Amino acid sequence: MAPSTPLLTVRGSEGLYMVNGPPHFTESTVFPRESGKNCKVCIFSKDGTLFAWGNGEKCPSWSEDETLCARNVNNEVHFFENNNFNTIANKLHLQKINDFVLSPGPQPYKVAVYVPGSKGAPSFVRLYQYPNFAGPHAALANKSFFKADKVTMLWNKKATAVLVIASTDVDKTGASYYGEQTLHYIATNGESAVVQLPKNGPIYDVVWNSSSTEFCAVYGFMPAKATIFNLKCDPVFDFGTGPRNAAYYSPHGHILVLAGFGNLRGQMEVWDVKNYKLISKPVASDSTYFAWCPDGEHILTATCAPRLRVNNGYKIWHYTGSILHKYDVPSNAELWQVSWQPFLDGIFPAKTITYQAVPSEVPNEEPKVATAYRPPALRNKPITNSKLHEEEPPQNMKPQSGNDKPLSKTALKNQRKHEAKKAAKQEARSDKSPDLAPTPAPQSTPRNTVSQSISGDPEIDKKIKNLKKKLKAIEQLKEQAATGKQLEKNQLEKIQKETALLQELEDLELGI
């Protein structure tokens, strides 16, 4: 039996109503339109069979099966069972509980609680299994950290681990106006770790894959990096750098969208994360909202008020980049919210990924790319390829072995040492060998100024020679990365310096 078509909820100054999903996009008669403007919030139940809307007052936190309800009251989390609010079934008491998050899924329920630090004591997050709260060893896991004024706690789908984004209001190093952030991993089996992020800067987004076996982090000063990590917090695949601040896994977990919304231009990268292959690069300018359709094939982007009060509307895309439906709100109206009707897992089976854009009758309006500003003095001169930011290409971080079995920690460590020694030997060999250069031309033949290495200054000649050796070593490292070999941190740092070294070499050869 074919699954039903998901409904799309639309909330705005035109009221609250529902639209049939692809391929029809007509207003649904299942839910009569609410024409008033008093609706402040709306939500579907987990299985999508129930729909509620109200005036914006928040309810407490319920488990997904709605049999357990919890709320934070005076340093305690109170639990109510079977919607009986006359009796508190259980209490979790800790000094100064600031926040808590119930785990998703069915019983046994788990809860993550956060207690901020005070008077030199660290902040900590603890995991408990309901209703086992008593005793010094009741906690499943505990992770403490000092740099935290607030935290965001993210359970994976199987409720086996939590990712904690710890944030400070002020960065004491002065590197960021927005404070300092760290990422921590805590598992219900007691394991915990700090996730080492290779690039400094803020953490924009962290999302779990639906498989609960990996997560993606978007982080670092712009252009931001995006990296997939496994449950050992080891990097699996690095997407390089780009204009992005958000990540969204598809419901089946086989497609990942990296996007740059808000103060960025709305560029998206759609990736096949089974084969780590780029599918499409659509652009959704001025988007304030993104959501995957439960079918795992369609994407919703929207521009909503009050974030933006002009050009409100929404678009429904296929993941290959085609716009299948577009709705623009009238200029005298506003769009406040759009959301898909949820469905339980398994209703929509995963389909084979296609890389060919699906046909569409809606024109794909590519935004005009603004020409980079050039000072008047440079407008009649050739354009150089120098860039403001260094760009890092995607890189597979998985260790390449003869079989599909994952390497043990010891084997992985030894493999990294071996590759580091091999790379060091190659670099030392390249330092000892003379530069590979073509046979010198007769003196009567004029030489290109840029390729000329004899400047007349021995010190400059020495610098040029050393720069060429470094660039040659970087090329060798890039070739190793292209074959799938995992590079060490110091080797990755060398690759990142390539642009600066090229510019320095060009300046020396031109005599600047």
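**Asking how we know**

Me: Where is Ser 212 found?
Reply: Ser 212 sits in the loop between strand S17 (203-208) and S18. Keep in mind that this whole model is predicted.

Me: What makes Ser 212 count as buried?
Reply: Buried means under 20% relative accessible area. Ser 212 comes in at 3%, so Ser 212 counts as buried. Its phi is near 65°, a positive value in a residue other than glycine.

Me: Which residues is Glu 297 in contact with, leaving aside neighbours within four places in sequence?
Reply: With those neighbours left aside, they are Trp 292, Trp 317, His 318, Tyr 319 and Lys 351.

Me: Trp 317, what is its bridge partner in S28?
Reply: Ile 323 is the partner of Trp 317 there. S27 and strand S28 (residues 323-328) run antiparallel, joined by 5 bridges.

Me: How do you know that S27 and S28 pair?
Reply: Pairing takes at least two bridges, and these strands have 5, so they pair. They form a hairpin with 4 residues between them, and Gly 321 in the turn has a positive phi of about 105°.

Me: How do you know that the length of helix H2 agrees with its number of residues?
Reply: H2 covers residues 458-482, which is 25 residues. At 1.5 Å a residue they should span 36 Å, and the end C-alpha atoms are 36 Å apart, so the two agree. The buried residues of H2 include Ile 464, Leu 467, Lys 469 and Gln 480.

Me: What are the residues with the most contacts inside the largest nonpolar core?
Reply: Val 77, Phe 79, Leu 92, Val 111, Val 113 and Tyr 128, in a core of 18 residues. Among the elements that give two or more residues to this core are strand S7 (76-81) and strand S10 (110-115). S10 gives the most, with 3 residues. Leaving aside neighbours within four places in sequence, Val 113 is in contact with several residues, including Val 77, Leu 92, Tyr 128 and Met 153. Apart from this core lies another, of 17 residues, among them Val 19, Phe 25, Tyr 314 and Leu 335.

Me: How many disulfides does a search of the whole structure find?
Reply: The search finds 0. A pair of cysteine sulfur atoms would have to be within 2.5 Å to count.

Me: What makes Cys 42 and Cys 216 count as buried?
Reply: Cys 42 has 6% relative accessibility, so Cys 42 counts as buried. Cys 216 is at 0%, so Cys 216 counts as buried too. The cut-off is under 20%.

How values were computed: Residues numbered from 1 in each chain as written. Predicted model: local features only at pLDDT ≥ 70, side-chain atom pairs only at ≥ 80, totals over all residues. Heavy atoms only, no water. Expected span 1.5 Å × (residues − 1). Buried < 20%, exposed > 50% of the residue type's maximum accessible area, 1.4 Å probe, protein only. Contact = heavy atoms within 4.5 Å. Core = buried A, V, L, I, M, F, W, Y, C linked by side-chain atoms within 4.5 Å.
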